[in-house]
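Welcome, and please open your viewer. We will take a short tour, one selection at a time.

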Amino acid sequence: MKQNGIIAAALLALSIVCLGWFIKAGIDDLVNKDRKVNVKGLAEQEVEADKVTWPIVSKEVGNNLPELYERIGATQQKIKDFLIRNGLSANELEVNAPQVLDMNAREYGDNRQPYRYLVTSFITVTSTDVPKVRRIIARQGDLLKEGVAIADGGYEYPIKYEYVSFQQMKPKMMQQAIENAEKTAQQFAENSHSKLNKIVSADQGQFSIDDRDSSTPWLKKVRVVTTITYSLKD
């Protein structure tokens with residue numbers, strides 16, 4: 001009987017110790033539940049565009065549509081010959097249907113124009129050889145010697161540079177952003193005399209691709225920002 005009493009007392013004591021440990025753990029969890037740090041991780045990389053789309057616009061004015069179409073056809077042929085002569089292939093060129101504006105049919109204006117028709121033609125260059133196209137763009141003035149004037153595309157038909165290999169660099173940039181976020185969180189934990197615990201929440205990161213500046217649109221800045229929340233512990 002005495003031995004059974006000792007065993008019972010030991011079990012009771014062990015239960016009390018375990019109960020106290022669980023209570024302490026619960027209190028610690030309650031105290032540390034709201035101890036979190038929310039940080040942002042940034043990764044940036046500068047790249048060169050790997051695709052260019054160049055709309056080449058030319059215009060003709062006149063009163064005789066058949067004659068205008070012949071002139072447009074001759075102009076387009078000169079442009080195509082110039083592009084191929086400078087290293088582009090035929091499959092990088094697309095001849096688009098011309099647009100015809102009847103000046104006399106406009107709703108607004110006094111309709112007193114020296115020419116009735118304005119015909120705009122387009123040849124679109126699409127290439128992954130961006131440096132080559134940039135060299136050709138710089139030499140487009142040579143067409144003036146052949147009597148061809150290239151119209152400014154303006155905001156409606158701008159030269160467009162893209163970085164299409166973006167998907168290949170996403171995993172590495174995300175890793176860099178997460179590492180930078182962890183460094184920031186670690187520094188915060190040290191400053192607050194705490195230790196960094198596990199990740200509570202994280203987003204997939206927001207990617208953006210922008211021109212580095214307005215004068216070099218073929219240079220792109222790829223940027224990702226991710227937000228991560230860590231818990232802290234003593």
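Helices (H or I, at least four residues) and strands (E, at least two) are DSSP runs, numbered from the N terminus. Axes here are lines fitted to C-alpha atoms, for helices over the stretch in contact (heavy atoms within 4.5 Å), and angles run from 0 to 180 degrees between N-to-C directions.

Before moving on, keep in mind that this is a predicted model, where local features need pLDDT of at least 70, side-chain atom pairs count only at pLDDT 80 or more, and totals for chains, interfaces and linings use all residues. Residues are numbered from 1 along each chain as its sequence is written, and side-chain values use heavy atoms, with hydrogens and water left out.

**Stop one: the helix**

Select residues 130–138, which make up α3; its buried residues are V130, V133, I136 and I137. Look down the axis of α3: these buried residues fall within an arc of 125°, so they line one face of the helix. (The arc is that of the directions from the helix axis to the C-beta atoms; buried means under 20% relative accessible area, exposed over 50%, partly exposed in between, with a 1.4 Å probe and protein chains only.) Turn to the face away from the buried side and you will find the exposed residues R135 and A138.

What covers the buried residues of α3? The cover includes β2 (51–62), α2 (65–85), β4 (117–127) and β5 (160–162).

**Stop two: the sheet**

Now select β3, β4, β2 and β5, which in that order form an open, antiparallel sheet of four strands. At the edges stand β3 (93–102) and β5, each with a single partner strand, so one side of each has no neighbour in the sheet. Two strands pair if DSSP finds at least two bridges between them.

Zoom in on the pairs:

- β3 and β4 are joined by eight bridges; select L101 and its bridge partner in β4, L118.
- β2 and β4 share eleven bridges; here E60 has V119 of β4 as its bridge partner.
- β2 and β5 pair over three bridges, and K51 stands opposite E162 in β5.

Is β2 largely enclosed or open? Nine of its twelve residues are buried, so β2 is largely enclosed by the rest of the structure.

**Last stop: E48**

Finally, select E48 in strand β1 (residues 36–48). E48 counts as exposed because its relative accessibility is 53%. Leaving aside neighbours within four places in sequence, E48 is in contact with Y163, W218 and L219.
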